[in-house]
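Reader: Could you take me through this model and tell me, at each step, what a given term rests on?

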Amino acid sequence: MRTHLLNSISTCPLGGALMDGNTYDSIRGRLTCTCLLVETDSTLVLIDTGLGLGDVAAPHSRLSSFFLRLLEPEFREEMTAIRQVERLGYDPRDVEHIVLTHLDFDHAGGLDDFPHAAVHLLRTERDYALAQKTWLDRQRFRPQQWSTRNNWQVYSSGDGEAWYGFEAVRDLKGVPPEILLVPLIGHTFGHAGVAVRTESGWLFNAADAYFYHAEMNLERPHCTPGLRFYQNMMDKDREARLWNQERLRQLRRDHREDVEIFCSHDTHDFERLTGRPFADPVPLQSSTESSSRRAQ
Ligand SMILES: [Zn+2]
């Protein structure tokens, strides 16, 4: 089992350091859209898809002008998940499964680039996004990105044995059992994290359950004012979101050795785990290297 973190297009939110705690020389900060590519013996599984080729080619027809103005994504094709999968030497058609934390446009934009993949997510997430209930829902959940919706497999929250005290869906159809969907409701009604068992322990993609690495600080959890505002603006169930953040800190406190937690949009988490600048795509690898690895 090998894992690769990909930043599938950075966004540049208004607010500079008030957002990312870091960018003092511009009114726009920097956030990642982190995806995780998992290579198992039998298949490739992509966890979240970031923004995709369609978004790069025609942002205004797919994304809302509200979020385009607020976040100003850096539309570089080489950063899309599909191009980074190719840079790693894989054939994108070998991505047979996509596990989706939620349907926000900056997580679901690359779905269309993998039309043959089965997509796995919580039922509540699909149903709520499809309902397009409020103005903000219609800006964040973009049906323009969902050409593959007939391939989506949906699951109920409590479908499996618990994982470190969290509910978990362990039986994702066709997906190796080392990959679990862990409901973390709050940011959206069907938001989930994804846990991946690797040789060195669990890697836990908590997606948008928190936005700033210091929210997982055990002594003094804190967040930038901009990201606090953004999370409050976007959340669907605040009480559940804050409760889940507390549970994530507990998980970190009690199982630091076994579980590595990261979130989707924090450049610090991304660089700490990958050791490379967040603005860089994965280093280029030859396809022979990748196929010989997969044959081992
Ligand atoms: Zn997000």
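Predicted model: local features only at pLDDT ≥ 70, side-chain atom pairs only at ≥ 80, totals over all residues.

Reader: Why is His 265 called buried?

Author: The relative accessible area of His 265 is 4%, and buried means under 20%, so His 265 counts as buried. His 107, at 2% relative accessibility, is buried by the reasoning that the cut-off lies at 20%.

Reader: What makes His 107, Asp 208 and His 265 donors of the zinc ion?

Author: The atoms concerned are NE2 of His 107, OD of Asp 208 and NE2 of His 265, which lie 2.0 to 2.1 Å from the zinc ion; since donors are N, O and S atoms within 2.8 Å of the metal, these atoms count as its protein donors. Along the sequence the donor residues follow the spacing H-x100-D-x56-H. The two histidines link distant parts of the chain, with His 107 in helix α6 (residues 105-108) and His 265 in the loop between β10 and α11, 158 residues apart.

Reader: How do you know that the buried residues of α11 are on the same side of the helix?

Author: In helix α11, which spans residues 267-274, the buried residues are Thr 267, Asp 269 and Phe 270. Around the axis they cover an arc of only 160°, which puts them on the same side of α11. Their cover includes β1 (2-7), β2 (34-39) and β10 (259-262).

Reader: What makes Asp 266 a cap of the N-terminal end of α11?

Author: A side-chain oxygen of Asp 266 lies 2.9 Å from the backbone nitrogen of His 268, and a polar contact asks for a pair of N or O atoms within 3.5 Å. Just after α11, Gly 275 takes a positive phi of about 70°.

Reader: Why are the buried residues of α7 said to line one face of the helix?

Author: The buried residues of helix α7 (residues 123-131) are Glu 125, Tyr 128 and Ala 129. Viewed down the axis of α7 they fall within an arc of 100°, so they line one face of the helix. Among the elements that cover them are β5 (118-122) and α8 (135-140), and just after α7 comes Gln 132, with a positive phi of about 50°.

Reader: What makes β1 and β6 the edges of the sheet?

Author: The sheet is open and is formed by 6 strands in the order β1-β2-β3-β4-β5-β6, with mixed pairing. β1 and β6 each have a single partner strand, so one side of each is left without a neighbour in the sheet. Neighbouring strands of this sheet are turned by 20° against each other on average, direction ignored.

Reader: How do you know that β3 and β4 pair?

Author: Strands pair if at least two bridges are found between them, and β3 (residues 44-47) and β4 (residues 95-99) share 4 bridges, in the parallel sense. Leu 46, for example, has Ile 98 in β4 as its bridge partner. As for the helices, α7 lies across β5 and β6 and runs at about 90° to β5, while α11 packs on the sheet, touching β1 and β2, with its direction at about 145° to that of β1.

Reader: Why is Pro 177 called exposed?

Author: Pro 177, in the loop between β6 (152-155) and β7 (179-183), has 61% relative accessibility, and exposed means over 50%, so Pro 177 counts as exposed.

Terms used: Residues numbered from 1 in each chain as written. Heavy atoms only, no water. Buried < 20%, exposed > 50% of the residue type's maximum accessible area, 1.4 Å probe, protein only. Arc of directions from axis to C-beta. Contact = heavy atoms within 4.5 Å. Polar contact = N/O pair within 3.5 Å; in protein donor to acceptor, adjacent residues only side chain to side chain. Donors = N, O, S within 2.8 Å, 3.2 Å for Na, K, Ca; no water. Axes fitted to C-alpha atoms, helices over the stretch in contact; angles between N-to-C directions.
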